[in-house]
Structure formats: structure tokens, C-alpha cells
Amino acid sequence: MLTVNKLLAQGHGLAPALVKRGASVELDWDVRQKSRFDATDSQGRTLGVFLPRGTAVRGGDVLVAEDGSLIRVVAAPQPVLVVTHCTQHGTPFDLLRAAYHLGNRHVQLELKPDHLKLEPDHVLADMLRQMHLIVNEASAAFEPEGGAYAAGGHAHHGHGHDDHDHGHAGHDHGHAHDHDHDHDHHGHDHHGH
């Protein structure tokens with residue numbers, strides 16, 4: 001097994017000809033969002049990939065094996081839902097609204113100027129159709145948006161959830177503040193005596 005523990009985002013700094021000469025590995029999003037996985041490259045070698053936790057691998061990235069060999073990552077076609085707006089009755093704003101509602105549900109989403117892509121989910125597909133959007137099944141590469149706090153374009157999915165919790169904690173703090181305010185009033189009463 002060939003150990004891989006380095007990733008060059010989009011092959012940065014490498015000559016394209018060098019990358020083209022090397023092996024490639026085709027991976028779907030389910031595998032590419034993991035930082036540790038096994039795969040087989042185009043030359044039949046078994047790769048043991050161990051990347052820093054939270055790293056997501058994108059199509060076009062280059063894996064560097066411990067022996068120095070380069071393996072180009074190809075985003076494998078996979079089942080996706082392609083969401084477009086209805087040109088007769090809708091507007092591109094319908095896609096924006098859909099992206100907002102899907103984002104609220106923490107759905108992994110690929111954003112394009114004229115369509116959205118997400119992993120198949122019949123409940124979400126029905127919701128989108130009720131919003132007068134067109135939902136088609138397709139087989140295509142899936143490259144969802146990185147998180148808002150992603151480092152170097154790689155998503156740290158857990159990060160978003162932590163921040164979400166802090167938001168709720170912030171609301172609690174507001175209530176506690178009101179509570180303190182009541183105590184202040186009692187404090188003033190004591191000064192009155």
C-alpha cells in the first residue's frame with residue numbers, strides 16, 4: 001500500500017504536464033469529504049490516504065505519496081439532483097431562496113449561477129418542486145460549497161455546527177442579562193432602605 005499524507009490543492013505549484021503524466025484516482029464526494037480512506041489509482045496501486053482532519057479532497061487536487069509520486073484526483077460522477085428555476089413562471093431568485101432553505105437544513109450544496117446540485121433526497125426534491133423549481137436526477141461530479149470557516153477552501157463541517165451552538169448560547173445570554181437587570185432593581189430597593 002502506498003501512503004499518501006499530503007495534498008496540493010488544485011495541484012498548486014506543479015507543472016500541468018507533470019500532473020498529467022502521473023496516475024489519477026476517481027473518487028465520489030462521500031469518500032472525498034473524509035480525511036482518511038483507501039482507494040485504488042489508475043495504475044492499480046492501493047493508496048492509504050491520511051490527511052489532516054477536516055480536509056476535503058476536491059476534483060483537480062493532487063495527492064502526494066510518500067515515495068513522491070503524484071496522483072491527480074478526479075471527482076467521480078455520482079447520483080445528484082440538479083435544481084433549476086422555471087424559465088416560464090419563475091426567476092433566478094427562486095434558486096436563491098431554495099439555497100437559503102437548504103442551507104438552513106445544513107444540506108451540502110453545490111452552487112452554480114444557473115443551478116444547484118445536491119445529493120438525492122426525495123423529501124427535499126418534493127419541497128423544491130413545491131417551490132416551483134425543476135428538479136432532475138443526473139449523474140455528475142459533486143463539489144459542494146466549503147463551510148464559511150473553511151481553511152484553504154476545504155470544509156470543516158463540524159465547525160459550522162459549533163458556531164450554530166454559540167448562536168443559541170448568545171440568546172441565552174440575552175435572557176440572563178434581563179435576569180441580572182431585575183436583580184439590579186432589587187439592589188436599588190435595598191439602597192432605598
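**Stop 1: Arg32**

Select Arg32, which sits in helix H2. Helices here are DSSP runs of H or I with at least four residues, strands are runs of E with at least two, and both are numbered from the N terminus. This is a predicted model, in which local features need pLDDT of at least 70 and side-chain atom pairs count only at pLDDT 80 or more, while totals for chains, interfaces and linings use all residues. Residues are numbered from 1 along each chain as its sequence is written, and side-chain values use heavy atoms, with hydrogens and water left out.

Is Arg32 buried or exposed? Arg32 is buried, and its relative accessible area is 0%. Buried means under 20% relative accessible area, exposed means over 50%, and partly exposed lies in between (1.4 Å probe, protein chains only).

In sequence, Arg32 and Glu143 are 111 residues apart; from C-alpha to C-alpha they are 9.5 Å apart in space.

Leaving aside neighbours within four places in sequence, the residues in contact with Arg32 include Leu27, Thr55, Val73, Gln78 and Phe142. Contact means heavy atoms within 4.5 Å.

**Stop 2: Trp29 and Phe142**

Select Trp29 and Phe142. They form an edge-to-face aromatic pair, 6.5 Å centre to centre, with 90° between the planes. Rings of Phe, Tyr and Trp (its six-membered ring) pair if their centres lie within 6.5 Å; planes under 30 degrees apart count as stacked, over 60 as edge-to-face and the rest as tilted. The count by this rule is one aromatic pair.

Why does the pair tie together parts that are 113 residues apart in sequence? Because Trp29 lies in helix H2 (residues 29-32), and Phe142 in the loop between S10 and helix H5 (157-192). Trp29 is buried at 3% relative accessibility. Phe142 is buried at 0%.

**Stop 3**

Go to strand S6 (residues 70-75) and pick out Ile71. Ile71 is buried, at 0% relative accessibility.

Draw a line between their C-alpha atoms. The separation is 4.9 Å, though Ile71 and Ser24 are 47 residues apart along the chain. Not counting residues up to four places away in sequence, Ser24 touches Asp41, Ser42, Ile71, Arg72 and Val74. With neighbours within four places left aside, Ile71 has contacts that include Val4, Asp41, Leu47 and Val62.

**Stop 4: helix H4**

Select residues 122-130, helix H4. Which residues of H4 are buried? Leu124, Ala125, Met127 and Leu128 are. They lie on the same side of H4, because they cover an arc of only 160° around the axis. The arc is that of the directions from the helix axis to the C-beta atoms. Turn to the other side of H4: His122, Val123 and Gln130 are exposed there.

Next, show what the buried residues pack against. Their partners are strand S7 (78-85), helix H3 (93-104), strand S9 (116-118) and strand S10 (133-140).

Zoom in on the start of H4. A side-chain oxygen of Asp121 comes to within 3.0 Å of the backbone nitrogen of Val123.

**Stop 5**

His132 is not a glycine, yet its phi is positive, about 65°. Most residues other than glycine have a negative phi. His132 is exposed, with 60% relative accessible area.

Find His106 next, in the loop between H3 and strand S8 (109-111). Its phi is also positive, near 60°. His106 is partly exposed, at 35% relative accessibility.

**Stop 6: the whole chain**

Zoom out. The chain has five helices and 10 strands. Of its 193 residues, 35% count as buried.

Color by pLDDT, the predictor's confidence in each residue, from 0 to 100. The chain's mean is 83, and 76% of its residues reach 70 or more. Over residues 149-193 the pLDDT is below 50. Where pLDDT is low, the predicted coordinates should not be read in detail.

Conventions. A polar contact is a pair of N or O atoms within 3.5 Å; within protein, one must be able to donate a hydrogen and the other to accept it, and residues adjacent in sequence count only if both atoms are side-chain atoms.
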